[in-house]
Amino acid sequence: MTAMLRVVNRVFLGLVGLVLLALGGSVLAVGLGAPAPSWWIHDSRHDVLLTNAERTRWRDDGWWWPVVIAVLAVLMLLALWRLVAVLRRRRLAEVLVDTGDGEGALLRGRALENALTEEASHIDGVGRAHAHLTGRRSAPAAQVRLALEPHVDPGAALHDLTTGALTHARTSAGLASLPAEVRLRGVKHRAERVS
């Protein structure tokens, strides 16, 4: 998710939360006996949310309540899906290393990320590097971002990364493969003076 989408997402969720908090607080205040404003939908604390006429308006239509229940169920499932997507950990916590004795060992994902980042940052022409592990602990994948200096050839930097840092990470963790997504971008620099 891009930074702009993250900002829009957070602002939208914040506004929705504030509106829901204001409505809920208003209903609670009126329910506890606070005077209701003139524009409020209920007159007093003893007023019901749905009157008998509103509640039984479409009682004879067999489609009304199943549609209401289905729409509310879909909205609840969408809200739960969003909550799970937000709370799900995107970073791989540990990597399963095959030790050859049938038991295996666990390697902290952060340690492998740090080693991969450190080795990638020492590649000639790389200004900054950042590695991130995703996937399952038995089949991890790497996402690597490299900020390249202006003089470096991107193909050479990518070759050095795959034959160096990624190969070392794969062999040290005893993995059959370590698929990687590499994003390259240039480091911002001042214009050079030509004479």
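Author: Let us begin with two terms. Contact means heavy atoms within 4.5 Å. Axes are lines fitted to C-alpha atoms, for helices over the stretch in contact, and angles run from 0 to 180 degrees between N-to-C directions. Helices (H or I, at least four residues) and strands (E, at least two) are DSSP runs, numbered from the N terminus. This is a predicted model, in which local features need pLDDT of at least 70 and side-chain atom pairs count only at pLDDT 80 or more, while totals for chains, interfaces and linings use all residues. Residues are numbered from 1 along each chain as its sequence is written, and side-chain values use heavy atoms, with hydrogens and water left out.

Reader: Which strands does helix 4 lie across?

Author: Helix 4 lies across strand 3 and strand 4, and runs at about 155 degrees to strand 3. Helix 5 lies across strand 4 and strand 5, at about 140 degrees to strand 4.

Reader: What is the order of the strands in the open sheet?

Author: Two strands pair if DSSP finds at least two bridges between them. Here three strands form an open sheet in the order 3-4-5, with mixed pairing. Strand 3 and strand 5 (180-186) are the edge strands, each pairing on one side only. From one strand to the next, the twist averages 15 degrees. Strand 4 and strand 5 run parallel and are joined by seven bridges; Gln143 has Glu181 in strand 5 as its bridge partner.

Reader: Which residues of helix 4 are buried?

Author: Buried means under 20% relative accessible area, exposed over 50%, and partly exposed in between (1.4 Å probe, protein chains only). In helix 4 the buried residues are Gly109, Leu112, Glu113, Leu116, Thr117 and Ala120. They lie on the same side of helix 4, because they cover an arc of only 135 degrees around the axis; the arc is that of the directions from the helix axis to the C-beta atoms. Among the elements that cover them are strand 1 (94-97), strand 2 (105-108) and helix 5.

Reader: Which residues touch the most other members of the largest nonpolar core?

Author: A nonpolar core is a set of buried Ala, Val, Leu, Ile, Met, Phe, Trp, Tyr and Cys residues joined through side-chain atoms within 4.5 Å. The largest one has 23 residues, and Leu116, Val144, Leu146, Leu161 and Leu166 touch the most other members. Helix 5 gives the largest share of this core, five residues. Not counting residues up to four places away in sequence, Leu166 touches Leu116, Ala142, Val144, Leu161, Leu178 and Ala180.
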